[in-house]
Amino acid sequence: MKIRALTLLLLTFTLELFAQNGTIRGRVFNEKSNEPLPFTNIIIFGTTIGSTSDLDGNFVFTGISPGFVKLAATSVGFESYISEEFQVTNAKTVFIDIPMRETTIQLEKVVIKASPFRKTEESPVSMRTLGIGEIEKNPGANRDISKVIQALPGVASTVSFRNDLIVRGGGPSENRFYLDGIEIPNLNHFATQGASGGPVGIVNVDFIREVDFYSGAFPANRGNTLSSVLEMRQIDGNKEKIVFKGSVGASDLSLTLNGPLSDKTTFLLSARRSYLQFLFGVIGLPFLPTYNDFQFKVKTRFDLKNELTVVGIGAIDQFRLNTGIQNPTEDQQYILNYLPVNEQWNYAIGAVYKHFRTNSFDTWVFSRNMLNNEAYKYENNDESKARTLDYVSREMENKFRYENSSRRGDYKLIAGGGGEYARYTTTTFQEVFIPLPDDTLRQINYASEIDLFKYHLFGQLSRNFYEDRLVLSFGIRTDGNSFSESMSNPLNQLSPRFSAAFAVKPKFFVNFNTGRYFQQPAYTTLGFRNNEGTLANKENNLKYIATNHVVGGIEYRRREDAKFTLEGFYKFYNNYPVSVTDSISLANKGGDFGVSGNEEVTSTGTGRAYGLEVYVRDRIMDKVNLILSYTYVRSEFKDAAEKYIPSSWDNRHLINLTLSREFKRNWNLGARWRFVGGSPYTPWDLDRSSLIAAWDARQQGYLDFSRFNTLRTGNFHQLDMRLDKQYFFDKWSLNLYVDVQNLYNFQQEGPPNLYPQTDADGNYKINETQPDSYLLKEVSNPAGTVLPTIGIIVEF
């Protein structure tokens, strides 16, 4: 047996030794005209291994050791370029496009050095780029883009199993997401309608090439956002052969295919299905979710001047209550009593057509997306009884956008516009207890349909000065829709922005941006009707939400792969919807499952968020990769007395530290420690919650909004670790990993739960001195547990 084991070990070692033959092929071209660039020098970044492009701009590397690499390219008359990170394996040839930008700088005056840290003229500040290596192996993220983003400066994370993006003190509804230029409204499974959060991401990272994350300085061609823009770009399909990749992770099974359809067309296709329902059933959780998603891309390059990309993504999310639990615990029974069944499906599909000219290119984008959201609840979970909640809603959007991007000398101009037809429908029935002014039990029962026509126009002009040391950019945008006279007026949503970047020294930069941005309120808010059938928020003159941003900072690059930034930011909000029922700004809502914004509001809310961010990226002793970020953030909104109070996202202190190291024989070890300051929360209104009519209406307590956000949870911190081992064989590769979240099992003390007291038979106890009330009790609510994952990824 020992001899056999030794023989197997030697065989594996031998196979690895003879498998170091990865191939990289690519094309270098002028980014504005798509014309090939011959005689361009390309090297593997950080090495002396090089190649040169031929007359058609093509190049090739062979015999490359597998792993994550970047390419650096230089050509006379063009800025140097460093590519995104990509993985070389033996299972396939990697194809990389290298777009080069012309420069007017005289070569004898200055030498332009490429940097892997990118910034654009429009957004010289508040933009971070993530490569696939950082996404794939991020400790604790389990290959989920939303969780990777939570490690960036200015982004808060939560201890709960959710992917809410809380960016610089803004709410989870203030973000926009794009996949290859197509807007995708939903980034997560079981998404909160009217916001953006959910427990698991939809996007399959096997196809992601690079991600740009903007926490400010939004370019004019990206609108309808207040806090962030997430731009995800996918790889193209393999041009030589069909490549299969399969993975088993923490919660799902994933299968992907990519390859050629013809000489000019490639494709990507993936499907995933979760097995959470089986795991949750085994461990006795009271809810059993199942999610499925798909993703595809087809790209055709007709010739050097014309290309068409078709992209699609979608999800089917199903859910049922685990009512078969024998002798449920108090916690289990509480969840079963209040939690509704929620089912969703959604998709986004679109086409991007690009036409290249001599000094510019046109982009035409056509897309459609749809969300179907259903939730229902039976009294005592007995399907023979009446429903106490019955909610069905659909959101549908058909979009068109045109952009022209041109460069002439030191000038760059992006201009365009678009239109959209949107339809929102809902039927809503719910028994609710209205706490103010008279503590009454009512029914919300209405159906609503709205049709909207939207438009937007934008332009942004940028110019370089002083041999590219100074870059200035001015943009303007306007949006409107047909919901109301106020919203249709383009002058009411006029959105100017200005950016400046100055290179004080070759390694030291000063950056600045200011702008005014607008976002349409959620469809759930636009389409809300009172029981008389009136669009209540249209009657209340609902407006676009507005925010003014000011961001400034410095940047120091100690060397090519090391960076330090210091940024300060200030955001002022106005026209934020405020609930008529509880006088709370909707900026504080949307961080839970279900629906957000479906209530009567007024556009009277004002608030502010401000703070400071520090970001360090470097290598320790040239062996250990270090990423450190610290954010001090305050987020506040005015209450009914016009006094600033902390919002629900006022965490104050955010720290993220990530360390990783590659070892010999394709081992990789990474660790991430994060700290999030305590979140404000509102105590229970014990008197109102104990009322029998109030509790029976929703099987949950009611918050005391007169003491809104006067308490805080404990601070939260967590250590995640991940160990990867990759095997590269002749025609296939294998990646094994172990990921452990919350390694030292820290538990954050959250807001207490509120339960009715029960007798020996499980019946609620009635207060003998107040026969219309139950006896309630507060129970501590610690959150956090060790969560280990074993993953397998196979590619051939």
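## Exercises on a predicted model

The second largest cavity has a volume of about 130 Å³. The structure is a predicted model, in which local features need pLDDT of at least 70, side-chain atom pairs count only at pLDDT 80 or more, and totals for chains, interfaces and linings use all residues. Residues are numbered from 1 along each chain as its sequence is written, and side-chain values use heavy atoms, with hydrogens and water left out.

**Exercise 1.** State which elements and residue classes line the second largest cavity.

*Solution.* Step 1: apply the cavity rule. On a 1 Å grid over the protein atoms alone, a cavity is a set of points where a 1.4 Å probe fits but cannot get out; lining residues have an atom within 4 Å of a point. Points are joined across faces, edges and corners, and the volume is the space filled by probe spheres set on them. This gives 4 cavities of 30 Å³ or more.

Step 1: list the lining. The second largest cavity has 15 lining residues, and Gln87, Lys245, Gln726, Asn735 and Ile793 lie nearest its centre. Two or more residues each come from strands E39 (716-728), E40 (733-741) and E43 (787-795); strands (E) are DSSP runs of at least two residues, numbered from the N terminus. E39 contributes the most, with 4 residues.

Step 2: sort by class. The lining holds 4 nonpolar, 5 polar and 6 charged residues, where Ala, Val, Leu, Ile, Met, Phe, Trp, Tyr, Cys and Pro count as nonpolar, Asp, Glu, Lys and Arg as charged, and the others, Gly among them, as polar.

**Exercise 2.** Classify the ring pair Tyr727 and Phe729.

*Solution.* Rings of Phe, Tyr and Trp (its six-membered ring) pair if their centres lie within 6.5 Å; planes under 30 degrees apart count as stacked, over 60 as edge-to-face and the rest as tilted. The whole structure has 27 aromatic pairs.

Step 1: apply them. The ring centres of Tyr727 and Phe729 are 6.1 Å apart and their planes are at 0°, so the pair is stacked.

Step 2: Tyr727 and Phe729 are both buried (under 20% relative accessible area, 1.4 Å probe, protein chains only).

**Exercise 3.** Find the charges over the rings of Tyr644 and Tyr737.

*Solution.* Step 1: require NZ of Lys or CZ of Arg within 6 Å of the ring centre and within 35 degrees of the ring normal.

Step 1: for Tyr644, the charged end of Arg608 sits over the ring, 3.8 Å from its centre.

Step 2: for Tyr737, Arg722 lies over the face at 3.8 Å from the ring centre.

Terms used. Buried means under 20% relative accessible area, exposed over 50%, partly exposed in between (1.4 Å probe, protein chains only). On a 1 Å grid over the protein atoms alone, a cavity is a set of points where a 1.4 Å probe fits but cannot get out, and a pocket is an open set with protein on both sides within 12 Å along at least five of seven lines; lining residues have an atom within 4 Å of a point.
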